[in-house]
Amino acid sequence: LPEGTALGGREIYDRLFKNRKRLRTVVEAGRILSKDPAGNPQETHFELRAKDYRGPDDQPTDGVFAKVVIILTGPRDIEHTGYLYVHRNDRADDQFIYSPMRKRVARANLRGQNVAGTDFSFDDFLTTLDDLEQATYRRLPDETVDGVPCYVVEATMLEGSRSRYSRSVAAIEKEHYVPLRTRYWDEVGVAVKELRSPRASLKPFDGVWVPTESTMTDLLEDTHSTVTLQRVDPNPALDDSEFNTAALERR
C-alpha cells in the first residue's frame, strides 16, 4: 500500500507527537502581531524556554512531564512579565505568574487565558505538553492544504482532559507530520479558533520540523494574531534551576 494508506488517526498523531518530542529542550524568541477587527496592530515580544522530563519510556520523571517558562520582552508596559508552567501527572499542574509591577510571583490558572491580549492562549503555546492519551482520534478524508497533501484527523478530548477545547480537526502535512491547519471547538460544540501555518514556514531544527510562522484566528471575535519565531535554539543545555519561581524573578 502507498505510505500512509493504512495509518489510523491515532498513529498519525503519534508520529506528530514524536516529531515534537525529539526536542528535549528548546529556547525560542519571537513576536506576536495582533490585529483587531478594525485592523489596529499590537506587537508583543517573548522568549520561551521548555524542557521535557519524560524518560525513554515516555513516562514522567518525579511526576513531571515538562516545564515551560515564557517571558514577555515587550512592549514596555508588560516587559519582564513571566509565566512558569509545570505539567505533572501526580497532581494538578503548577502554574505561576511574575508581575514586574508587584515584583512577586503568584500562583495562577493559565489554562484558557490569552497571552498578553493576543489570540493565542497558553493552551496554544504549550503544544510540547501534548499527551496522546488525552483524546480519541478518527482519520477523515485527506485534503490538500497550501498546495500540499495532508492527512486529516479529528481529535476528541476525553473527559478530564486539561485542554480548553472539546475537539479539533487537523490537516497534517504528510512528509514531516506538522499541522498546517487546525480548527478548534469549545465544550458546547462551537468552532472558536483556527490555526494556520504556511508550508513555506516549516524549517528543520536538529531534525525536528517547526513552523516558524503561525496565525491564530478567533472565529467569534473576527481577530487574528501571527506568531513569528525569530530564533530557535534546539536542544540547548538548560539547567533545572531555570524552571522555578526564583528564575522568574531573576529574568
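Trainee: Which residues of α1 are buried?
Mentor: Gly9, Ile12, Tyr13, Leu16, Phe17, Asn19 and Lys21. Buried means under 20% relative accessible area, exposed over 50%, and partly exposed in between (1.4 Å probe, protein chains only). This is a predicted model, where local features need pLDDT of at least 70 and side-chain atom pairs count only at pLDDT 80 or more, while totals for chains, interfaces and linings use all residues. Residues are numbered from 1 along each chain as its sequence is written, and side-chain values use heavy atoms, with hydrogens and water left out.

Trainee: What covers those buried residues of α1?
Mentor: The cover includes β2 (41-52), β7 (135-145), β8 (148-157), β9, β10 and β13 (208-211). Helices (H or I, at least four residues) and strands (E, at least two) are DSSP runs, numbered from the N terminus.

Trainee: And how far apart are the end C-alpha atoms of α1?
Mentor: They're 18 Å apart, which agrees with the 18 Å that the 13 residues of α1 (residues 9-21) should span at 1.5 Å a residue. The expected span is 1.5 Å times one less than the number of residues.

Trainee: OK, cores. Which residues touch the most other members of the largest nonpolar one?
Mentor: Phe46, Leu48, Ile70, Phe120, Phe122 and Phe125, out of 28 residues. Elements supplying at least two residues each include β1 (25-35), β3 (64-74) and α2 (122-125). A second, separate core has 14 residues, among them Leu16, Leu132, Ala170 and Ile172. A nonpolar core is a set of buried Ala, Val, Leu, Ile, Met, Phe, Trp, Tyr and Cys residues joined through side-chain atoms within 4.5 Å.

Trainee: What is Leu48 in contact with, leaving aside neighbours within four places in sequence?
Mentor: Val26, Val27, Glu28, Val68, Val69, Ile70 and Phe125. Contact means heavy atoms within 4.5 Å.

Trainee: Switching to Glu173: buried or exposed?
Mentor: Glu173 counts as buried because its relative accessibility is 1%. Glu173 lies in strand β9 (residues 167-173). Not counting residues up to four places away in sequence, Glu173 touches Val148, Pro149, Cys150, Val178, Leu180, Arg199 and Leu202.

Trainee: How far is Glu173 from Pro211 in space?
Mentor: 11 Å, C-alpha to C-alpha, with the two 38 residues apart in sequence.

Trainee: What about Lys203, where is that?
Mentor: In strand β12 (residues 202-205). Lys203 has a relative accessible area of 42%, so Lys203 is partly exposed. Leaving aside neighbours within four places in sequence, Lys203 is in contact with Val208, Trp209, Val210 and Thr212.
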